[in-house]
Amino acid sequence: MAIMPHCVVCGFDSGADVAGSVEFADYNPGWQDPSIDGNPVIGWSNSLGVTAPDGVGLFCREHLKAARKLRRLRSDEAVALMSAGGHQHWREQLRSFFGRP
Ligand SMILES: [Zn+2]
């Protein structure tokens with residue numbers, strides 16, 4: 001099954017076009033496309049559910065700006081922050097995230 005590009009915060013349902021990608025702290029520059037016995041794997045996805053290297057997220061225009069500010073985090077942490085906070089409140093979420101003892 002092919003996986004359509006979608007914003008990892010909005011998901012499939014919003015229908016938002018992907019505006020760009022962000023490489024997070026857990027991205028490995030030496031990453032290579034998955035293959036089995038030298039044949040590329042079709043329909044693979046990373047831990048965020050998009051066809052991009054591990055540690056890379058795809059974002060719509062609305063979430064791309066916020067994602068770039070969170071690029072020092074791991075990709076899963078950044079996406080969890082933006083998903084949990086909704087787009088209005090991600091700043092507050094970030095504050096409480098780093099404010100934890
Ligand atoms: Zn989005």
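# Close-up views of a predicted model

**Figure 1. Contacts of cysteine 7.** Beyond its neighbours within four places in sequence, cysteine 7 is in contact with Ser14, Ala16, Val18, Leu58, Phe59, Cys60 and His63. The model shown here and in the later views is predicted. Cys7 also belongs to the largest nonpolar core, which has 19 residues. Within that core, Cys7, Val8, Leu58, Phe59 and Ala78 touch the most other members. Two or more core residues come from each of strand E1 (18-23), strand E4 (56-60) and helix H2 (75-99).

Figure 2. Is E4 enclosed or open? The strand is largely enclosed by the rest of the structure, because 5 of its 5 residues are buried. Its residues point two ways. Val56, Leu58 and Cys60 point one way from E4. Gly57 and Phe59 point the other way. Residues on both sides are buried.

**Figure 3. Pairing of E1 with E4.** The two strands pair in the antiparallel sense. How many bridges join E1 and E4? The pairing runs over 5 bridges. In one of them, valine 18 has cysteine 60 of E4 as its bridge partner.

**Figure 4. Valine 22 in strand E1.** Valine 22 is found in E1. Is this residue buried or exposed? Valine 22 has 24 other C-beta atoms within 10 Å, so it is buried. Residues up to four places away in sequence aside, valine 22 touches Val56, Gly57, Phe59, Ala67, Arg68 and Arg71. Lysine 69 lies 47 residues from valine 22 along the chain. The C-alpha atoms of this pair are separated by 9.7 Å.

**Figure 5. Arginine 71 between the helices.** Arginine 71 sits in the loop between helix H1 (61-69) and H2. With 15 other C-beta atoms within 10 Å, arginine 71 is partly exposed. Which residues does arginine 71 touch, not counting those up to four places away in sequence? They are Val22, Glu23 and Phe24. Arginine 71 and glutamate 23 are 48 residues apart along the chain. Their C-alpha atoms are separated by 6.5 Å.

Figure 6. Proline 5 lies in the segment before E1. The residue counts as exposed, with 12 C-beta neighbours inside 10 Å. That number still falls under the exposed class, because the class covers 12 or fewer. Neighbours within four places in sequence aside, proline 5 is in contact with Val18, Val50, Thr51 and Leu58. Alanine 16 is 11 residues from proline 5 in sequence. The C-alpha to C-alpha separation of that pair is 9.8 Å.

**Figure 7. Aspartate 37 in the loop between E2 and E3.** Aspartate 37 occupies the loop between strand E2 (35-36) and strand E3 (39-40). Its phi is positive, at about 50°, although the residue is not a glycine. Is aspartate 37 buried or exposed? It has 4 other C-beta atoms within 10 Å and is exposed.

**Figure 8. Serine 47 in the loop between E3 and E4.** Serine 47 belongs to the loop between E3 and E4. The residue is partly exposed, with 14 other C-beta atoms within 10 Å. Leaving out neighbours within four places in sequence, serine 47 is in contact with Asp54 and Asp76. Serine 75 is 28 residues from serine 47 in sequence. The two are 8.9 Å apart in space, C-alpha to C-alpha.

**Figure 9. The whole chain and its confidence.** The protein chain has 2 helices and 4 strands. Their pattern along the sequence is β-β-β-β-α-α. Of the 101 residues, 26% count as buried. Among contacts between residues at least 6 apart in sequence, 64% join residues at least 24 apart. Mean pLDDT for the chain is 86. A value of 70 or more is reached by 81% of the residues.

Note on methods:
Residues numbered from 1 in each chain as written. Predicted model: local features only at pLDDT ≥ 70, side-chain atom pairs only at ≥ 80, totals over all residues. Core = buried A, V, L, I, M, F, W, Y, C linked by C-beta atoms within 7 Å. Buried ≥ 20, exposed ≤ 12 C-beta atoms within 10 Å, placed from the backbone. Contact = placed C-beta atoms within 7 Å. Pairing = 2+ DSSP bridges. pLDDT = per-residue confidence, 0-100.
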